[in-house]
Amino acid sequence: MGATPETHETRPTLYEFAGGQDAFLPFADALHARCLADPELNHPFSHPGGHPQHNERLAAYLAEAFGGPAVYSQQLADQSFLLLLHAGNGDMSDLGRRFVTCFMQAADDAGWPTDPEFRAAIRSYIEWAVGAVALSHPNDTDVPAGLPLPHWSWAGPQQ
């Protein structure tokens, strides 16, 4: 894909720049495969009882977070649900670092643009997301209800 971001005024969303809807399921598949291949991340990604459409749900979540349609939040769940899925698992900081690495490698695997600004934006997102999701409630499941899905842009979190 090798495109470059346009000026700030005409810049596409991260979702559009990644390739739109068709880019997110291949990315989610690549990320899941990377996590299964990692000796430490394998356990949380291979346990029985996972949702049969995990990758499709992950693709919808990330697409929405990067500026795509609100499929995840309108048809599937909210941010509170996602936080509850990851809460109460203890210290996962090493897993978080490994997940960031897999995320960025999955962008390569899925053929996402290699543009440095784009890669910096998605890296900043996943580093933030690991802290906000996987590391935010390590020892409890006290998650507020009704949290909205976060949205990310070239400049970081959007309000």
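## Basis of the model

Helices (H or I, at least four residues) and strands (E, at least two) are taken here as DSSP runs, numbered from the N terminus. The structure is a predicted model, in which local features need pLDDT of at least 70 and side-chain atom pairs count only at pLDDT 80 or more, while totals for chains, interfaces and linings use all residues. Residues are numbered from 1 along each chain as its sequence is written, and side-chain values use heavy atoms, with hydrogens and water left out.

The predictor's confidence in each residue, pLDDT, runs from 0 to 100; its mean over the protein chain is 84, with 77% of the residues reaching 70 or more. Among the elements of the chain, the lowest mean pLDDT, 65, belongs to helix α3 (residues 42-46), and the highest, 98, to α1.

With a salt bridge defined as a side-chain nitrogen of Lys or Arg within 4 Å of a carboxyl oxygen of Asp or Glu, the count comes to five. One of them joins glutamate 117 to arginine 11, with the closest N and O atoms 2.9 Å apart. Because glutamate 117 lies in helix α8 (residues 116-134) and arginine 11 in the segment before α1 (14-18), this pair ties together parts that are 106 residues apart in sequence. Relative accessible area is classed as buried under 20%, exposed over 50% and partly exposed in between (1.4 Å probe, protein chains only); glutamate 117, at 44%, is partly exposed, and so is arginine 11, at 21%. Arginine 11 also lies over the face of tryptophan 154, 4.4 Å from the ring centre, where the criterion is NZ of Lys or CZ of Arg within 6 Å of the ring centre and within 35 degrees of the ring normal.

Arginine 119 forms a salt bridge with aspartate 108, at 2.8 Å between the closest N and O atoms. Arginine 119 is in helix α8 and aspartate 108 in helix α7 (residues 93-109), so the bridge ties together parts eleven residues apart in sequence. Arginine 119 counts as buried at 14% relative accessibility, whereas aspartate 108 is partly exposed at 46%. Within helix α8 itself, arginine 123 and glutamate 127 are four residues apart, about one turn of the helix, and form a salt bridge whose closest N and O atoms are 3.3 Å apart.
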